[in-house]
Amino acid sequence: MANVRRIFIGFLFFVMFFNSKVSRSQESWDFPFTVIGDSTRRDQKAVLTGVIINSSSKETLAGAHLSFDFYKYYGRTDQYGKFAFELPQGNYKLTIKYIGMKPVYKRLKVFSTGLLNIEMEEGFELPEVVVSDRALDTNIKESLGGLAKFSIQEIKKLPAFMGEVDILKSIQTLPGVTSVGEGSSGFNVRGGRADQNLILFNGTPIFNSSHALGFVPGFNQDAIKNFSLYKGNVPANYGGRASSVLEINTKSGDFEKWQFQGGVGLISSRFLAEGPLIKNKTSLLTAFRTSNSDWVLRQVENPDVKNSSFNFYDANITLAHKFTTASILRLNLYSSNDFFRFSQRFGFEWQNYLANVEWKSHTDRKLSPTLNIAFGEYRSNLIDPTITNPSQLKNALIYYNIKETLDYVPNEKHSIKGGVEATAYLPSAEELSGYNGNKSIVGKKVEKNHGIESALFLNDEYQFSETISMTGGLRYSVYNQIGSANVFTYQPNVPKVEGSIIDTLKYGTGALIKTYQGLEPRVSARFTLSESQSIKISYNKMRQYIHQISNTTAPTPVDIWQVSTAYLPPQIANNYSIGYFRNLKDNMFETSAELFYKSMDNLIEYKDFPSLYLNQHIETELLSGKGRAYGGEVYIRKLKGKWTGWISYTYSQTQVNVSSINPSETINGGKWYPSNYNKPHNISIVGNRRMGKAAAFSFIFNYTSGRPLTAVETSYITSGTVVPVYSDRNQYNIPDYIRLDLSLTINSVFKKLDDSLVISFYNFLGRSNAYSVFYQRPQSNYFIPKPYQLSVLGSTLPSITYNFKF
Amino acid sequence: MSSDKIHNKKSVRLVSKLIEFLAFLSLVSCLTPIDLEVNAKGGRLVVSGQISTLPDQSIVELGLTTDTNTLPVPLKGASVKVIDDQGSFYRYFEIKPGTYSLSGYKGIAGHTYYIEVGLPSGQIYKSIPEKMPVPSVLDSVTYEIASEEVVDAEGIAAKKNFYKLYANSSFESTKGFLKWTVDEAFLLSPTDFPDIFGSIPPPCFIVQNSDPQRIALFDESTTSSKSIQRILIASREIDWTFYEKHYFTSIQSSITKESFEYWRKVNILANQVGSIFDSPPAAIVGNIVNSKSSEELVLGYFQAANQTYKRKFFLPNDLPFPLLFDKCDFVGDRSNVTAIPNTAAYPPRCIDCTIVRNSSYIRPVWF
């Protein structure tokens, strides 16, 4: 293995440093002028308006950056891809950039008010010059702190586990974003819990975003258009979660011609078709991905694994119709299914179904309404196929969401976004039943609580001057728990247990049980110190009315989603951050240093050994606590040159406090203790090196502190059984984590085909990182359990994926 | 105990097994021992035992945890007595260091019992009273010999033979809680080297739990049937101990809901694998309290168990295959009594059978 590595490294060095066919783009401005307005007129001021669209999909591009004469005048397109600039008459060099699109350069001769519509092609500017496909000083000029936007093309360049391009793993290379470990489907943003991240898929919340228990991403990479992570300031039009928002958008189908693409990998294969049903009017995109993973398991000699199975699929359909150029309707359908069985011992099944209709229109440049109506369903099934009493436990969360947003842009310095949103959470009853025809089991149904969350929001972004801009937002959210439900009354001042129930109140269907409401202010300000320096501060208050009941370190597919009740108040987070942003060497380097503090109320914690399934009084197993997270982030990104990439470092502490007058409802004696995912040090280094058009090389290096562990401090024997005695919660740590991934993309494998071959090496150093630490008894029963470190990926994991497009 | 509890127990077990799959998922997993420095908590009292409806099964063990990360040391010289709801008390007598036994009295269904432990230091500890449950019937115990692949701590897989015992039980109309344990007793005859006196070394009898880390529990309310079949209650690796007569005593205990809950938690900890899908582990609080300081964490549990049992023995001839382990039989010329015994050629247990843990020269009365 060492020889193979040496050969591979040698090959990479050879390719990188002796490849003479490295192309470079030249930003030459010697192309002809585009004339704006009437050349016979000589207006002092001209208003230039227009729309920027994707040349293939014909979708408008919101947030595209326009710069005249190298940022003498600059701005962004609005939600509908429109822009308007008031310019003195004259000649201009216009640069337009947008994530995932080739930049557009134009020379303009502006005489008077006129129109300029621009189409942008998908792809990148030659990366040796600029890898970023946005304005180079966005981080300085953007008023929102802690906002990360990526196109799927950027993520495709990074090394991937088993060749699967993964959005969630990619964002974990950013400062302030971590997860509890490999195989975890959730992620943690600035000390927030995994369920505190709102994941929007085409504007619709999704409750499980991965396949294969978190090892494989839940979305087809070919269908993804872009994604944004709001980890600092979250605009008021987003709500319902206490920590962050990850917004993932899929593409619309091409309005002009049919295209096909796909890929074949070790774990899954995928195919996408897109094209016009009515040219330039109606388009269809269909994407399908399915696993081909059982063969991997059959290579294992262990009979349990050989007889195991995991398979999944996901499918996307997007139907887009343009009633007019200013009115677009999109229907998005998404379905995913996972089946996982470990021998004849146990199994999981889970499914996502999402459907949403989005209607965007804009009557004039200033006002643009958007209506989104969505339906979602998340189902899970925990299967116990044991011989004596096989059973299955089913859960389902059904939800409806409607959101109307109005964008009002009085001028290029001022934009207002307001609207109303409502989400109804209507989970089905949790149901235990026999499995495989077992009729002897005593079936059980536990009705789940229902709730409706609604909100009014207003967000106002205003640029006071070149140096100061501010975004102020206000969200007023109201949550109503509704029947039917049985609400238990507990004896006061004693621990909530089944035995302390003194009364039961029965509520009929739709009856109002409990209301929570409150304001959620959002403020962010940017102070520009110079062309290359700015300071940003932000404050957010966020309320969360639905909670993932998960008494495990990482979320599992069978976790229950529980709405707020009289005994489960909403989680409330106050997020503060301040950052200094500076670009160096003509925007070649983008740097930032940010500090953050987060306080959290009503965090859900768990009593020792809780019974969370089929529990009609789940509050007897839960505790309410406080949380705090604080830390600092440093980010250095290189945007130009042969090598591009970034280095991020985060120091953070995330702690929980659960105290009560009742000792049995107190954790660790009421002292602050580290959360399950507390990893104080987190370093990521990401590098990209494109070798002309022929190939690209990239790597990710990641170091994190070991996560907390509750360790065995002593043991005793009872009836011959060794019983470990554990420490207070999370008082120790597992070993630190270090991983290096490499990836090599070879383009145009077959001539005349738009294809690529991606070879990647996950955990190239072959390091045995601690996935977990567990205790195993020695052969003799008379010795105490000893700690062992389990490394899921104890050696290098190579993979190869072939991608094609035609 | 409702069905949610038993299902939760199952669920926790299932989720904890997830790691086994994850460990193999990539084909490249590995397991290595690590040094994890912990602050061992010494000096905690451990009280574990029961009052039983069977003779000789009412045993209490006392110990103190150590701060050197080893098993507790036996606590000698304590005063132990069980007190019933009539106020009558019965003493447990120390039969070996830290082990106390009740003789002359058996628990009675429907009576309530608690234990009182007086330490030499003067501290008094009491258990929360438990009502002796009504018994369920242990209809039969069946066995099978199975070959299974076992993966050891280093990840090395090997096929091994196991002797498996299954319980078949029926219930009364009152749904209760069951726990099974299987004790084994076997003979170990040391190597009979020739000597001028023709003496035969005495055999040892080893009595112990045959599958101590298995905690077989069942909540009768989870089934609508009045019986349960083929509950696996022990799986014993077939090794050299099967060279001679080998007894298995399967004991079925009807226990209280609280005791069941305690064992459910022990079972969760016994199945903890430390994965990110595990529930956070915690110290188990039993039912023993210091009468003067309720804050003190006392480890262990004292239960009232209505017990019934089945016993059967197993002979080497019952095995469908020959045993290929080192034997203690003398190999050589028995007439050469002057030769120095070549003890190095035999396993240590064949030279001194008392080195085997739980061995003694005391033959159980039923052996």
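Which residues have the most contacts inside the largest nonpolar core? I will come to that in a moment, after a word on the model itself. This is a predicted model, in which local features need pLDDT of at least 70 and side-chain atom pairs count only at pLDDT 80 or more, while totals for chains, interfaces and linings use all residues. Residues are numbered from 1 along each chain as its sequence is written, and chains are lettered from A, with ligands numbered from 1, in the order in which they are written.

Now to the opening question: the largest nonpolar core has 92 residues, and those with the most contacts inside it are Ile167(A), Ile171(A), Phe201(A), Val245(A) and Ile248(A). By a nonpolar core I mean a set of buried Ala, Val, Leu, Ile, Met, Phe, Trp, Tyr and Cys residues joined through C-beta atoms within 7 Å, where a residue is buried if 20 or more other C-beta atoms lie within 10 Å of its own, exposed if 12 or fewer, and partly exposed in between, with C-beta atoms placed from the backbone. A second, separate core of 74 residues includes Leu709(A) together with Ile233(B), Ala234(B) and Ala305(B). As background, nonpolar side chains tend to be buried together in soluble globular proteins.

Let me turn to the two chains. Chain A has six helices and 53 strands, whereas chain B has three helices and 20 strands; helices (H or I, at least four residues) and strands (E, at least two) are DSSP runs, numbered from the N terminus. Of the 806 residues of chain A, 50% count as buried, and of the 367 residues of chain B, 40% do. Two residues are in contact if their C-beta atoms, placed from the backbone, lie within 7 Å, and among contacts in chain A between residues at least 6 apart in sequence, 66% join residues at least 24 apart. For chain B, the corresponding share is 71%.

Next, the sheet around strand E18 of chain A. Five strands of chain A form an open sheet with mixed pairing, in the order E10-E17-E18-E13-E14, and its edge strands, E10 (147–151) and E14 (204–205), each pair on one side only. Two strands pair if DSSP finds at least two bridges between them. Strand E13 (residues 197–201) runs parallel to strand E18 (residues 244–250) over five bridges, with Asn197(A) opposite Ser244(A) and Leu200(A) bridged to Glu247(A). Strand E17 (residues 224–230) pairs with E18(A) in the antiparallel sense over six bridges, and there Tyr230(A) has Val245(A) as its bridge partner. Why is E18(A) largely enclosed by the rest of the structure? It is so because five of the seven residues of E18(A) are buried.

Another open sheet of five strands in chain A, also mixed, has the order E1-E7-E6-E3-E4. Strand E1 (33–36) and strand E4 (73–76) stand at its edges with a single partner strand each, so one side of each is left without a neighbour in the sheet. Within this sheet, strand E3 (residues 65–68) and E4(A) pair in the antiparallel sense over four bridges, and Ser67(A) stands opposite Tyr74(A).
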